[in-house]
Amino acid sequence: MRTLFFLLRKEFRQIFRDKSILAMIFIMPSIQLIIMPLAANYDVKNINLAVVDNDHSSYSRRLIAKVGSSGYFRLAAYAPSFRQGLRLVEDNKADLVLEIPNGFERNLVREGSQQLSLAVDAINGTRASLGGAYLTRIIADFNQGIRLEWQSPPSAATIDIASSNWYNPLGEYRFFMVPAILVLLLTMVGGFLTALNIVREKEIGTIEQINVSPIQKWQFILGKMIPFWILGMIVFTIGLIIARVLYGIIPVGSLPTLYLFAGVYLVALLGFGLLISTYSETQLQAMFVAFFFIMIFILMSGLFTSLDSMPPWARYIAYCSPVTHFIEVVRMIVLKGSGLADVSRQLGYEVIFAVVLNTWAILNYHKTT
Amino acid sequence: MKQLLVFIRKEFYHVFRDRRTLLILFGLPTAQILLFGFALSSEVKDVNLAVVDFAKDNASQQIISRLQASTRFRLQRSLLSYSEMETAFRRNTIKAALVIPTNFNRDLLHTGRGQLQIIADASDPNAATTITNYLTAIVGDYQQELNQAAGALPYQIVPETRMLYNPDMNGSLNFIPGVLALVLMIVCTTLTSVAIVREKELGTMEILLVSPFRPLLVLIAKAVPYLVLSLLDFTLILLLSVFVLNVAIQGSVVLLYVVSTVFIISCLSLGLLISNVTASQQVAMLASMMGMMLPTLLFTGFMFPLENLPGPLRLVPNIVPSHWYYLVVKAIMLKGLGFEAVWKETLILGLMAVVLLGISLRNFKIRLT
């Protein structure tokens with residue numbers, strides 16, 4: 001126990017001596033948490049629309065006005081021809097081209113049917129499909145309006161749909177992103193720092209002194225882990241404060257549950273970092289291995305894309321990452337007020353990760369090279 | 001000149017000795033391309049949906065069987081009450097619920113109006129909107145079919161949608177330029193960020209300082225092996241996209257290589273700059289990885305629409321090299337545009353390289369004296 005205490009004192013001194021590392025640990029995540037949620041906004045609005053109106057009739061003008069006032073679209077330009085509209089798409093100035101053909105109004109009245117053409121820049125999948133869907137819906141609405149004008153009220157059956165959005169009634173994207181970004185930052189700080197830690201001593205040569213000392217393996221690993229665990233919890237707390245003060249996100253669920261989960265998660269994550277460190281020979285190696293895994297963890301975590309839309313094999317990989325469960329749980333507790341019982345399955349996973357990764361790291365740390 | 005070649009050869013040895021880092025360098029883009037290509041999509045499908053069916057009549061059965069037929073939803077029908085539904089939301093086992101009230105069919109037949117309620121978990125606002133849209137469309141189809149008896153609807157506006165550049169809606173199309181930009185940016189910057197600081201930390205810098213090399217030559221010699229590596233990395237990603245993900249290169253491959261070289265040089269210069277101003281490998285790597293990863297992910301433009309950036313943040317992508325590169329790759333690779341469409345972006349990347357290299361050179365000189 002005394003040995004561990006001395007080790008801890010040494011580690012803390014080492015961390016606090018290097019002011020630039022301290023800045024990396026505390027200031028960088030804070031700044032990123034302040035700025036990132038503003039950028040990670042997937043609200044699909046302000047879709048740039050180029051309109052080619054070949055009809056210039058009162059109906060075509062009404063349709064355009066309706067599209068413009070929907071709040072989703074911004075009329076980027078009126079193009080004189082479809083070709084010119086396409087040029088705007090090529091230059092990234094428009095996402096969609098709506099072409100109203102010559103004789104639109106006349107055909108609609110006389111023949112009862114008229115086509116409109118939409119050209120969507122389909123490279124950007126979400127924007128394209130959502131934009132196309134919005135526009136189609138607005139056109140359908142407009143269509144309905146015309147029908148009501150020209151026909152007596154229909155006797156057909158209608159189904160009214162009342163939709164309500166729970167847990168985030170205004171549909172604000174930051175409520176979804178801020179908790180996840182907090183997890184991300186914590187993961188990067190914890191993962192990268194611990195991954196670099198042991199290998200640094202190897203590279204500089206100081207690990208020899210520890211190896212010849214009577215320090216036990218587990219003491220050494222614990223000595224490396226506890227300081228970063230404490231730093232991680234502080235970063236997490238700072239993050240929660242920023243989320244609250246700046247973004248008005250107050251966890252609906254209980255804070256102790258959140259902290260319990262964060263605590264267990266950090267043990268798992270730090271174990272992972274140390275494991276990488278014991279396998280690496282240079283800091284550059286450790287960094288790239290950590291980057292490799294953390295990048296995959298992040299991409300597969302459900303942070304940016306939904307887990308539901310992944311094929312089964314990918315979902316299994318995603319479940320094998322501690323990050324996935326933590327992001328899910330932080331969103332659950334913070335936004336929905338889920339309790340300990342609701343997240344017990346995920347907590348179980350984290351405990352398993354923590355035990356396996358740390359045992360592995362201790363076993364893989366050899367005192368002789 | 002001969003000196004330079006010898007020096008470059010020495011640096012090559014350094015780089016190629018570290019097999020593990022090399023493995024990661026090529027493993028990382030491979031894994032990312034495969035993940036983006038096969039595992040990640042922003043599409044909404046297989047959403048867990050609960051139907052709370054209080055009606056249990058003919059009409060509700062009809063709607064339920066339509067939902068079952070859709071691949072968008074996975075139906076959970078065992079839920080019988082509101083409270084069960086709430087628990088399911090808190091446990092994260094459902095994303096949305098459709099509530100069908102008692103007497104749904106009778107109301108529809110007698111009064112011509114039926115009421116449905118959609119409840120969506122809006123902690124993920126985009127998913128909630130999309131799910132609500134899909135559900136509304138399915139119910140709308142059903143309603144249309146009910147009304148089919150009254151004959152075809154008059155005054156029909158039929159939107160005809162064309163998907164430009166990506167008729168099959170291949171989801172990986174948008175990601176490939178993004179992954180290229182992201183991987184090259186992070187890998188190049190991190191690689192060179194340790195190049196100089198490593199020598200400082202290990203003490204070999206002294207030897208360099210007393211050698212007759214000019215600072216510029218030192219920087220060039222350090223950067224050349226990484227340029228070669230990065231171009232190999234780039235080639236690998238291109239091959240994977242074409243042969244594994246079936247994304248054809250529409251434009252000129254030569255042009256693509258030219259622009260990529262310019263982009264890589266600007267990233268390498270950024271790395272050298274970081275290497276010059278930091279005191280330890282640890283700080284250099286944390287700065288280049290942790291400091292760059294999120295901003296690159298967010299400001300490149302392939303994850304989140306840059307149009308949503310608020311006020312001054314909208315200027316940030318302009319100083320992020322990967323943003324310009326992403327635009328160029330999209331234009332050349334996917335849209336098949338030529339040099340006249342991308343010269344501006346290429347010029348900006350070139351200027352960035354010159355400026356960054358200039359600054360690092362100045363910093364390097366200062367350290368020499």
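Predicted model: local features only at pLDDT ≥ 70, side-chain atom pairs only at ≥ 80, totals over all residues.

Residues are numbered from 1 along each chain as its sequence is written, chains are lettered from A and ligands numbered from 1 in the order in which they are written, and side-chain values use heavy atoms, without hydrogens and water.

The order is 5(A)-4(B)-3(B)-1(B)-2(B), and the pairing is mixed; strands are DSSP runs of E with at least two residues, helices are runs of H or I with at least four, both numbered from the N terminus, and two strands pair if DSSP finds at least two bridges between them. Strand 5 (158-166) of chain A and strand 2 (73-76) of chain B stand at the edges with a single partner strand each, so one side of each has no neighbour in the sheet. From one strand to the next the twist averages 25 degrees, with axes fitted as lines to C-alpha atoms (for helices over the stretch in contact) and angles from 0 to 180 degrees between N-to-C directions.

Strand 3 (residues 96-100) and strand 4 (residues 113-121) of chain B pair in the antiparallel sense over four bridges, and Val99(B) has Gln117(B) in strand 4 of chain B as its bridge partner.

Two helices of chain B pack on the sheet, contact meaning heavy atoms within 4.5 Å.

| Helix | Strands touched | Direction |
|---|---|---|
| Helix 3 (residues 58-69) of chain B | strand 1 (47-53), strand 2, strand 3 and strand 4 of chain B | about 170 degrees with strand 1 of chain B |
| Helix 4 (residues 82-91) of chain B | strand 5 of chain A; strand 1, strand 3 and strand 4 of chain B | about 30 degrees with strand 4 of chain B |
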